[in-house]
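This report looks at the open spaces in a protein model and at the charged side chains that pair within it. Please keep the structure in view while reading.

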Amino acid sequence: MKASSNLHSKTFLLILSMVTFGPLGNTLLGKGMKQVGTISIRTLPDLVHVASRVFTSGTIWLGMISLLMFFISYMLVLSWADYSYVQPSSAFAYGIVALWGHFLLHETVTPTRWLGVLVIGAGVFVVGYTHPRTTEHN
Amino acid sequence: MLWEVALLVLIVIAGTSGELCMSRAMKTIGEVKDFRPMSLLRVIVRAMQVGWMWIGFFLMVVAFLALLGALSMENVSFVVPVTAISYAAGALGGKIFLGERVSPQRWAGVALVCLGVTLVIIGRN
């Protein structure tokens with residue numbers, strides 16, 4: 001019983017880490033690339049110039065670290081939990097992005113999008129009530 | 001049109017297969033129980049020595065390139081909802097390739113997630 005509860009807790013924590021760091025990384029990378037501006041590479045010095053702009057951007061580094069955190073969380077949770085459990089649960093990231101857009105960035109979120117977030121939430125809830133692991137493990 | 005369909009199929013199949021391979025690689029490592037940084041680093045190094053992980057990376061790169069190709073032909077509002085099928089493909093792949101027991105309840109949840117993701121993307125401004 002305790003083992004099952006522990007399994008649920010660590011699965012929940014790592015999926016939470018995935019749905020937080022994944023969208024955060026994408027947003028930061030997008031913002032960083034906009035700061036870098038339009039990329040035009042015709043010669044080798046152009047490439048060096050663009051690379052130096054990309055790799056000296058703190059926003060891009062933060063984005064890459066966030067995506068690395070997302071990927072490590074994904075790898076770790078898959079070491080014990082079913083893929084068919086983790087993959088749909090991680091779709092909650094769409095909901096996080098909508099909430100984030102509405103409350104932090106004051107973006108307009110259309111009713112259709114809110115409906116989608118609710119349906120994803122219901123789907124994740126239904127999947128979440130199944131056991132995270134249905135296979136034998138090492 | 002044929003190229004666009006081929007790319008969309010490739011995005012779903014290569015992307016899902018890549019993640020399934022990564023999942024298989026991590027299952028061979030076994031359940032991670034020690035979350036100290038050095039232990040996690042050792043887990044990652046061990047994972048990188050499993051062939052399935054590299055096959056997974058390769059397939060994910062193929063899916064990403066197919067996504068870029070599809071986006072150059074079609075609008076993102078068309079391409080991304082289509083890729084929501086990946087959630088159903090993932091449950092099917094988990095059942096067939098990884099031997100997971102996908103209950104009717106989990107299938108129902110996956111169907112809701114597919115529908116929800118489609119609505120979210122259609123509802124973008």
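A pocket, as the word is used here, is an open set of grid points with protein on both sides within 12 Å along at least five of seven lines, and its lining residues have an atom within 4 Å of a point. The model is a predicted one, and the values below are computed from it.

The lining of the second largest pocket holds ten nonpolar and five polar residues but no charged ones.

The largest pocket, by contrast, has a volume of about 2,300 Å³ and is lined by 50 residues, with A:Gly22, A:Asn26, A:Phe70, A:Tyr94 and B:Leu67 nearest its centre. Helices of chain A and of chain B each supply at least two residues of this lining, among them H3 (58-77) of chain A and H6 (104-122) of chain B, while H1(A) gives the most, with ten residues. The lining of the largest pocket divides into 31 nonpolar, 13 polar and six charged residues.

How many salt bridges are found over all chains? A search of the whole structure finds four, and the table lists some of them.

| Residue | Partner | N to O distance |
|---|---|---|
| A:Lys10 | B:Glu31 | 2.6 Å |
| A:Asp82 | B:Arg106 | 2.9 Å |
| B:Glu31 | A:Arg133 | 3.0 Å |

B:Glu31 lies in the loop between H1 and H2 of chain B and A:Arg133 in the segment after H6 of chain A, so this pair joins two chains. Through shared partners, salt bridges link A:Lys10, A:Arg133 and B:Glu31 into one network. A:Lys10 counts as buried because its relative accessibility is 12%, which is under the 20% limit, and B:Glu31 is likewise buried, with a relative accessible area of 17%. A:Asp82 and B:Arg106 are both buried.

Technical notes: Residues are numbered from 1 along each chain as its sequence is written. Chains are lettered from A and ligands numbered from 1 in the order in which they are written. This is a predicted model: local features need pLDDT of at least 70, side-chain atom pairs count only at pLDDT 80 or more; totals for chains, interfaces and linings use all residues. Side-chain values use heavy atoms; hydrogens and water are left out. On a 1 Å grid over the protein atoms alone, a cavity is a set of points where a 1.4 Å probe fits but cannot get out, and a pocket is an open set with protein on both sides within 12 Å along at least five of seven lines; lining residues have an atom within 4 Å of a point. Grid points are joined across faces, edges and corners, and a volume is the space filled by probe spheres set on the points. Helices (H or I, at least four residues) and strands (E, at least two) are DSSP runs, numbered from the N terminus. Ala, Val, Leu, Ile, Met, Phe, Trp, Tyr, Cys and Pro count as nonpolar, Asp, Glu, Lys and Arg as charged, and the others, Gly among them, as polar. A salt bridge is a side-chain nitrogen of Lys or Arg within 4 Å of a carboxyl oxygen of Asp or Glu. Buried means under 20% relative accessible area, exposed over 50%, partly exposed in between (1.4 Å probe, protein chains only).
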